[in-house]
Amino acid sequence: MQDATTLLCPLCRGALELSIAPRRTLACPAGHRYDAAKQGYFNFLTGKGTNFLEDTSPMVLAREAFQHRGHYAPLAAELAALVAAHHPADQLDIIDAGAGTGYYLGEILDRHPATRKDALAMDISRFAMRRAAKLPDTLAVVWDVWREIPSRDESRDVVLNCFAPHNPAQFRRVLRPQGLCLVVTGAADHLEEIREPLDMLSIAGGKQEALVEKFGTEQLAHLGSRNLSYAMELDPEDLFNLAFMGPAGHHLSPEVLRAKAASLGSRTVTASFDVHLFVPQG
């Protein structure tokens with residue numbers, strides 16, 4: 001049995017169909033075929049792959065552990081509420097561009113009342129897509145967000161983009177006329193108490209203005225932004241996971257970072273997110 005999908009072949013842009021027997025396979029009319037890994041995800045980064053570093057298995061495990069503790073649950077709830085308010089229909093077609101473990105996508109799917117849901121999770125990390133592939137109603141694909149998104153024009157109600165690279169031209173292309181693009185960035189005071197001692201990246205000023213201009217150029221109108229800020233009580237294990245799950249995980253050894261986190265002890269840390277809403281123009 002084969003089911004039509006909204007996915008496009010990354011090699012020829014032909015429509016992909018999903019076959020579940022004898023194994024899960026995506027195939028296009030030109031004969032290009034993608035078999036699911038045993039963990040359930042599909043890898044579209046064939047050939048030269050990508051020049052960007054994927055998050056490693058230990059980094060993904062750290063992110064999963066931190067998310068499991070519920071420290072970012074208020075953000076997940078806020079995103080789910082925004083999607084449900086903007087798109088309360090009985091079907092939901094959504095892309096999570098730079099999905100990581102799929103944590104925020106999973107919360108949106110769990111809380112949305114739609115009876116039919118079709119989700120595409122994309123990330124360059126194979127280890128992250130192993131987690132996202134476990135979500136119901138979701139195809140998890142290893143893919144570079146900077147490239148053309150492998151989904152049909154105007155095929156999605158929502159594009160979710162949390163702490164990930166932005167590709168507004170592609171976001172605009174795949175959104176339906178009444179669609180919504182949600183972009184989450186760290187606010188200026190996000191994690192300000194621990195960024196320096198844990199060698200975490202600083203957050204540049206003027207991000208919202210630059211983001212609005214960049215998306216406006218691609219015919220995505222800024223509907224508004226809202227800040228979500230609250231205090232988190234983090235122990236040394238939380239601090240390690242929080243730092244290691246991000247860019248610091250690529251350049252610091254876990255032993256060094258764990259020692260730095262242990263030296264800080266338990267801390268009250270600010271979580272501060274800017275949630276930006278964009279809608280298609282015209």
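What follows covers the sheet, the helix across it, the core and the cysteines.

This is a predicted model, in which local features need pLDDT of at least 70, side-chain atom pairs count only at pLDDT 80 or more, and totals for chains, interfaces and linings use all residues. Residues are numbered from 1 along each chain as its sequence is written, and side-chain values use heavy atoms, leaving out hydrogens and water.

Start with the open sheet. Its eight strands run in the order S5-S8-S7-S6-S9-S10-S12-S11, with mixed pairing. Strands are DSSP runs of E, at least two residues; helices are runs of H or I, at least four; both are numbered from the N terminus. Pairing takes at least two DSSP bridges between two strands. S6 (residues 91–97) and S9 (residues 156–162) run parallel, joined by three bridges. Asp96 stands opposite Leu160 in S9.

Helix H2 (residues 73–86) lies across S6, S9, S10 (175–186), S11 and S12.

Now the largest nonpolar core. Such a core is a set of buried Ala, Val, Leu, Ile, Met, Phe, Trp, Tyr and Cys residues joined through side-chain atoms within 4.5 Å; buried means under 20% relative accessible area (1.4 Å probe, protein chains only). Of its 89 residues, Tyr72 and Leu79 touch the most other members. Strand S12 (residues 267–280) gives the most, seven residues.

Why are there zero disulfides? A disulfide needs two cysteine sulfurs within 2.5 Å. The sulfur closest to that of Cys28 is in Cys12, 3.7 Å away, too far for a bond. For Cys181 the closest is in Cys162, at 9.9 Å, also too far. Cys181 is buried, at 0% relative accessibility.

Definitions and conventions
Buried means under 20% relative accessible area, exposed over 50%, partly exposed in between (1.4 Å probe, protein chains only). Contact means heavy atoms within 4.5 Å. Axes are lines fitted to C-alpha atoms, for helices over the stretch in contact, and angles run from 0 to 180 degrees between N-to-C directions.
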